[in-house]
4 protein chains.
Amino acid sequence: MTYYGLHALQHRGQEATGIVTSEYLPEKKRYRFNIHKGVGLVSDVFRDEKLLKKALQGTAAIGHNRYSTTGSSQNEANIQPFTVNYKAGNLALGHNGNLTNFRTLRTQLQNDGTIFQSTSDSEAILHLAARSKETEQVLQIKDALEKVRGAYSLVILTDGGLIAARDPYGFRPLALGKLPPKDGTQTGDAYVVASETCAFDIIGATYIRDVAPGEILVIDQQGVMSGELKSLWVNLKADKPHPCIFEYIYFSRPDSRIFGENVDKVRRKLGKSLAEESPVKPKGDDDKVVVISVPDSSNTATLGYVTESNKQGDNVKLEIGLIRSHYVGRTFIQPDQNSREFKVKTKFNTVKGALKGKTVVIVDDSIVRGTTSKQLVKLLREAEPKEIHFRVTSPPIKYPCYYGMDFPSSQELIANRCGSDVGKIAEELGVDTLEYLSMEKLLESAPGNGSASYCTACFSGKYPVQPDGKETAKDANDL
Amino acid sequence: MTYYGLHALQHRGQEATGIVTSEYLPEKKRYRFNIHKGVGLVSDVFRDEKLLKKALQGTAAIGHNRYSTTGSSQNEANIQPFTVNYKAGNLALGHNGNLTNFRTLRTQLQNDGTIFQSTSDSEAILHLAARSKETEQVLQIKDALEKVRGAYSLVILTDGGLIAARDPYGFRPLALGKLPPKDGTQTGDAYVVASETCAFDIIGATYIRDVAPGEILVIDQQGVMSGELKSLWVNLKADKPHPCIFEYIYFSRPDSRIFGENVDKVRRKLGKSLAEESPVKPKGDDDKVVVISVPDSSNTATLGYVTESNKQGDNVKLEIGLIRSHYVGRTFIQPDQNSREFKVKTKFNTVKGALKGKTVVIVDDSIVRGTTSKQLVKLLREAEPKEIHFRVTSPPIKYPCYYGMDFPSSQELIANRCGSDVGKIAEELGVDTLEYLSMEKLLESAPGNGSASYCTACFSGKYPVQPDGKETAKDANDL
Amino acid sequence: MTYYGLHALQHRGQEATGIVTSEYLPEKKRYRFNIHKGVGLVSDVFRDEKLLKKALQGTAAIGHNRYSTTGSSQNEANIQPFTVNYKAGNLALGHNGNLTNFRTLRTQLQNDGTIFQSTSDSEAILHLAARSKETEQVLQIKDALEKVRGAYSLVILTDGGLIAARDPYGFRPLALGKLPPKDGTQTGDAYVVASETCAFDIIGATYIRDVAPGEILVIDQQGVMSGELKSLWVNLKADKPHPCIFEYIYFSRPDSRIFGENVDKVRRKLGKSLAEESPVKPKGDDDKVVVISVPDSSNTATLGYVTESNKQGDNVKLEIGLIRSHYVGRTFIQPDQNSREFKVKTKFNTVKGALKGKTVVIVDDSIVRGTTSKQLVKLLREAEPKEIHFRVTSPPIKYPCYYGMDFPSSQELIANRCGSDVGKIAEELGVDTLEYLSMEKLLESAPGNGSASYCTACFSGKYPVQPDGKETAKDANDL
Amino acid sequence: MTYYGLHALQHRGQEATGIVTSEYLPEKKRYRFNIHKGVGLVSDVFRDEKLLKKALQGTAAIGHNRYSTTGSSQNEANIQPFTVNYKAGNLALGHNGNLTNFRTLRTQLQNDGTIFQSTSDSEAILHLAARSKETEQVLQIKDALEKVRGAYSLVILTDGGLIAARDPYGFRPLALGKLPPKDGTQTGDAYVVASETCAFDIIGATYIRDVAPGEILVIDQQGVMSGELKSLWVNLKADKPHPCIFEYIYFSRPDSRIFGENVDKVRRKLGKSLAEESPVKPKGDDDKVVVISVPDSSNTATLGYVTESNKQGDNVKLEIGLIRSHYVGRTFIQPDQNSREFKVKTKFNTVKGALKGKTVVIVDDSIVRGTTSKQLVKLLREAEPKEIHFRVTSPPIKYPCYYGMDFPSSQELIANRCGSDVGKIAEELGVDTLEYLSMEKLLESAPGNGSASYCTACFSGKYPVQPDGKETAKDANDL
């Protein structure tokens, strides 16, 4: 089950993966944690069926896909779930998000004689729990979580069960689901927790509800128990959750439901809103306007864009203008650096007949560095379209993310580099026109109609939780 | 270049792959053939950059992706290109297609004392060439080809150059292209040959023309020389070529140009024709009809279907109803047999919001066994659509292919099993209605407007080349 | 250098191996620890020359071969050297020996909130050092060592240099050596520390002296500095060292010098003493007595036995009666359990011509379980000797070792099982006579002529350091 | 059984290894050949127990260890057993020896249209058999063998059984053995054939007799049938066999019986003869003469040397002066070229205490290039012996071997380079004296007391079978 869940969530992290199961050994009257982790995709790390079916047995399990593009990703000690044996038994942890006071915590703990095994911020949670004066595991973890700040959606495996927790601002999604009883029996219901509901679909589990911001769940033989995190750093009554709006724009899968809404629905709305704000109208009967997506991430938004355009009478046509090769895996040998164009060609090819002589509108979800977009435009030009208009279903990304989205440094962000001058970005990309979705329209299109308090820090620079003085967006990875 | 070409042609064979290069050793004054072959995808077999850049050097190269789902695929001796050293030097061969008189040839050759290394039909060509009385390599190969029957698109590496050949009926595609001179120099033009033009795009080569049915090309330092195969078994003047229509329907990539036309254009036409023949009309204002494709293979045809439907005023909506996981690779561990549904879930997930309560039209390119279609329908039902209508852009597949398409035995073909009773197939798949494209419409939609002489044997049972008595569709693999 | 040293010390541990190097990064102004560890032999784990020469660069290094036959050997977390990053920088540790108060320490540390990564006793030393209030690394380590009991010969890599330490009783050997200056320059002398001097020979280093029991050495740019461990548990002035006599009997290599004497010299003396105590005299002129060794471990002792026998006029002949296959590696597939005889045949074969009709004396260094000896005797019987006399250059092993020698549990020791009844053991082995070397003769034959205070606990049950109440010989491995 | 046999014969070839089994498939009413081959040691190539027990099932099997140090050893196509499917069924072949007319045969066969897969001479036998006009397999093989010249001891697996053959001169050994009936039943006797009898010992088989020179055996359900090869190139009545004397000197294992005698007995005799011819006598009471072997190959001869010396009253002492590391496997990373001394240190270490101040006699079986001997002497010098006397139990090797012993080219042979000037060789090796066993004494010491007609070509240059004009000793490997 965990294997298939990780597989469904592969898009959230392709760097490394791992599963830990908790197996009760009757003869030894204790639990054993079975661990398998490795660098690579889920299907690479878990190639061995025997391993999966024999070695990873047990009554409960957690898994984690690691997402990171920085150097320390090569440190195998950083692959999660982290597993420890401490005074109160075994503990395994999978963490989605980033802590903003990690450097401070690490220094404090080290000065107290703690040895860190990894350079990951997630390890701090384990040491804090191990040092708690509480005797129950869940209270030790609560203790620990009330000392950390920032973004965390956690799954924790204990000897007796599972613990799930989500930070008070609810930056990252986390959902609770249930497996149907096997073979028609009424007993044997099992609960599941995952970042996105698409992991429930693959195993036939039903979505119950989101784990609430600031909630801690204990799942064991008795069922599910809910508690509330009392945080020193956020006034839960006064403040609102700040779910990451970029999950809707790009990160989550369109077939998932997060923060209370289907992702594909939001994404289609973003496409529509973009068409309202920045349509491309034919300049006469001979001007054939075709709209293409960058497969697969902007497919849904592109559908929305086309629908809205035609509703407005713009008479545009949806086309498949780019074919994506899905065989480009981790081990694919890239062409040399001096031929960047070639590089994008290993991933995309144009459907020339669909583009030649047309006014082409390309819809993408976001522009980060701009490098791929630039090459993609160059590739499209070879198919000899009349014009190329670039439309983006999000505002310009100008600020780093401290809560777990792996954006590059500010200087590498094209919108930051070009000083928010959209004309300059358009020029750099080589397109005829470029339009981003406005912030207002973005918030209006997201669930809540502008009333929700999404985290939009990467666009606006307004950070719900200020990082510690020494903390930087990349800190956890840069030790 | 060959590596990237194989990568672009990965869809034509995922079983095994190999590259052979011809390197001139000045100190030894002879050519050495460098070989690397293995079971798996191109990116798996050629993981090692050093290998690619150091070990596989040379002035000419050929590559081959093997396509087979039968047992003998595990025989490593069957991985192409085949390489031999014989009286006239080195020879390497990559073969797309299937010979129909292989069993007869094999018996004759064995009785003459020939030892076969593989169970592949392609090996016979090499032995025939080695036994030719001709002294020039190209004539030895011509000799050999005039003794074999069936389908072959061949690339052959010799000490001095390349040979390409296509059988007189031209069952499989084969195109000739040219690389632009490097660094603006006029010298150094290089020719390339590939099954599909998408392999040219990735390396920046330009399409020149198709290798003609019955043509043999010699490419060396002097350029390209063309010859004609004199066959004992086909009257080239009287008979017409029989290109495989299934290449248009499913096998080739939509961004390729084969048999003189862009594949995506043909595929869009097939979708339109299907909408003309078998539309699904809303039964009132409340009946929302959504059309979905089975990603990615039927995406283009689905676009055509939707365009035509709306042109006819049917007011249907294109939707993304299925999300495909592209991480399911060779090493993916499948769920146990008793949960087939689960199996399809590892590859596809539904976008529930887009399907619930809707009349769903699912467009697919073909139905072979019917197993996947059945599970897909079951999966769609879970999203609670009002109705499900299955539309197929090809006629029912009822007969085996002797020319290289790896269909299962007749008994496993659902259309054959159900005795062409479409109602019965619909019932088995669990859909409300099922419609195939008619043969007439198919031929009318393909280039030539019905005047071309495509091979449609898998639908019609009319075989342009009768296989030898003992030969069966699976023979080459089943020895 | 470390690689070759580990290779020379391969006999001390075949389970797993690892190297850690300390490399100064000028641009970052800090040291980086490069680590490579793995399960298997030195030549298996370090197959990759590039790894050894590129990835493992630096100015100092330590390595460790792991020796264990228990289950937890499969826990990769237990492979040494252990590496940690803590408040005072990096630290890597290689430990030979076993701590006797590990369980007590572990419980104390865990109750204080410490998380253990491995199940190895050696990890406790690192946590104790990390928690020390001292600010200098060497003092932190001293602090830690003064809290542990039992056997330890340690090498520790720090950012600036190396630390070596040996427990106050000096159970395990540890020697200090020096590399000659390269290229005739006077500067650049480098110090080396190893369990046995054979590791110095392979790299051309010169033996200086043993690290003394209770000594701690700091090796850095300034040279070597020596300190004394103040232990709470041993009165260094009053008590004498207790080096392990089994190192002389079996464990160390014959070409090493340990505890101040050449191993081969001691071993030859043991053979001579055994011949004095338990000679096998020909029973007449027709009785040909041949003496054979169990290659390679008892070769030297056998030479001594033969020399002494002939000196006494017994007229015995040294023969090569057993050929050992040196290709039996870790991956060798053993015959099924029901043919134990077969098993010993994969490792040994008899030289029949040398044994047939002879009175055979087989000299071995020790008998542990007795299983191999029994099968060896059975194998020898097939060569049809007249009689078989088994001679052992050590007393019967009856007690577990708490100081790092991996003997099985008491019940599995044949001498324990048979209640010290040598006749019964002889019967079980199937030999005509069996004689062990007496304890008195053993001590008399070892350097010191009986005046030294060797640890003989495995023979006598007299333990120099009592293990903690809960501690057992296998504890460190059995967590 | 075959696996263990190959393991026992590992010393005959460490390059590559393979097993082929013949399994009857009742449902298909035919035999299937199961094959597993690979580069490396037996225990490396057959790591997988499941493979051995499941995949390699059958009623008969053959195996082969490949011995080669030349470049083409890396050509995987050259790994034996070779397996082919031809008109008369399956055939697998393992060949020990070298054909002397291979180049001629290859050219003839290629001109007839034969394609060679490997560069190995052994493949010619298969093509000759496939082209035979005979209908029975054994007669086809006889046909083939009567066309080849040189050295061959062959095992051949057919669908129905086994064929074994040895060339008329009997250069290489080949023995026939028998397995005892299992479980006391009388039926089920199985025959085994192997190069050396040590392969019988490991599996509990009994030696019956040698396969005679010029004999061909067919082993099937009916038992063993013997035939005689009628050769065009050797007059079997007039000429005598020419077994390779180097098998006794070095190549075979001491616990084997070949050419009618125990190897260890011959080797001891060689040592004795050497002591008779070239003793080293103490130059006074203070001159302690110690004799050491180069482990393990010259152990037995050294025993003979010591026994004879002492019989002559020379009062010399056998010592273990060199310790050999048995962990140096294929993957061992060698020190850089510029430190050859270092290289020999990874394999050997001196026991200093046994050598210092002594007159050391080192006994070796042969000197080929002289490189290792030279480094060994240098290593011994470091142990500060008084003098070093080198004694060799064979004459100087001066000529290439055309019959399967992989000597380097003449120029690389030290005895050839130094023009048979023993003084010059001694100087190059850096020894005080050097003595080889004389040719007369060698022949006198081998079974037959000088009356047998051993092949001594490598010492004498007298070749029993002249190679074809173009053939050279390395030809088979150098194509």
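Q: Is C:E261 buried or exposed?
A: The relative accessible area of C:E261 comes to 19%. The label buried means under 20%, exposed means over 50%, and partly exposed is in between (1.4 Å probe, protein chains only). With its 19%, C:E261 therefore counts as buried.

Q: What kind of model is this?
A: Residues are numbered from 1 along each chain as its sequence is written, chains are lettered from A and ligands numbered from 1 in the order in which they are written, and side-chain values use heavy atoms, with hydrogens and water left out. Local features need pLDDT of at least 70, side-chain atom pairs count only at pLDDT 80 or more, and totals for chains, interfaces and linings use all residues, since the model is predicted.

Q: Which residue forms a salt bridge with C:E261?
A: Side chains of opposite charge can pair when their charged atoms come close. The rule for a salt bridge asks for a side-chain nitrogen of Lys or Arg within 4 Å of a carboxyl oxygen of Asp or Glu. For C:E261 the closest N and O atoms are 4.0 Å apart. The partner has 48% relative accessibility and counts as partly exposed; its name is C:K265.

Q: Which helix holds both B:E49 and B:K53?
A: These two side chains meet in a salt bridge, at 2.8 Å from N to O. B:E49 is partly exposed at 36%, and B:K53 is partly exposed at 37%. They sit four residues apart, about one turn of the helix. Helices here are DSSP runs (H or I, at least four residues), as are strands (E, at least two), numbered from the N terminus, and the one holding this pair, residues 49-55 of chain B, is α3.

Q: How many residues apart are D:K281 and D:D314?
A: Their side chains meet in a salt bridge, 2.8 Å from N to O. The pair links distant parts of the chain: D:K281 is in the loop between α9 (263-277) and β15 (289-293) of chain D, while D:D314 is in the loop between α10 (299-311) and β16 (317-319), and the separation is 33 residues.

Q: What is the radius of gyration of chain A?
A: The value is taken over C-alpha atoms, and the globule rule is 2.2 Å times the number of residues to the power 0.38. With 479 residues, a compact globule would come out near 23 Å, which agrees with chain A. The C-alpha trace spans about 80 × 50 × 45 Å along its principal axes. The radius of gyration of chain A itself is 24 Å.

Q: How many strands does chain A have?
A: Of the 479 residues of chain A, 61% count as buried. Among contacts (heavy atoms within 4.5 Å) between residues at least 6 apart in sequence, 70% join residues at least 24 apart. The chain has 18 helices, and its strands number 21.

Q: Which residue of chain B forms a salt bridge with A:D201?
A: The contact between these chains takes 53 residues from chain A and 53 residues from chain B. Across the interface the rule finds four salt bridges. In the one with A:D201, the closest N and O atoms are 3.1 Å apart and the partner is B:K352.

Q: What area is buried between chain B and chain D?
A: Buried area is the accessible area (1.4 Å probe) that two parts lose on being put together, summed over both. The contact takes 18 residues from chain B and 18 residues from chain D. B:K87, B:I115 and B:Q117 supply 34% of what chain B buries here, more than any other three residues. Carbon and sulfur atoms give 51% of the total, which is about 1500 Å².

Q: How many salt bridges are there between chain B and chain D?
A: There are four residue pairs in polar contact, both at pLDDT 80 or more; that takes a pair of N or O atoms within 3.5 Å, where within protein one must be able to donate a hydrogen and the other to accept it, and residues adjacent in sequence count only if both atoms are side-chain atoms. For salt bridges between chain B and chain D, the count is zero.
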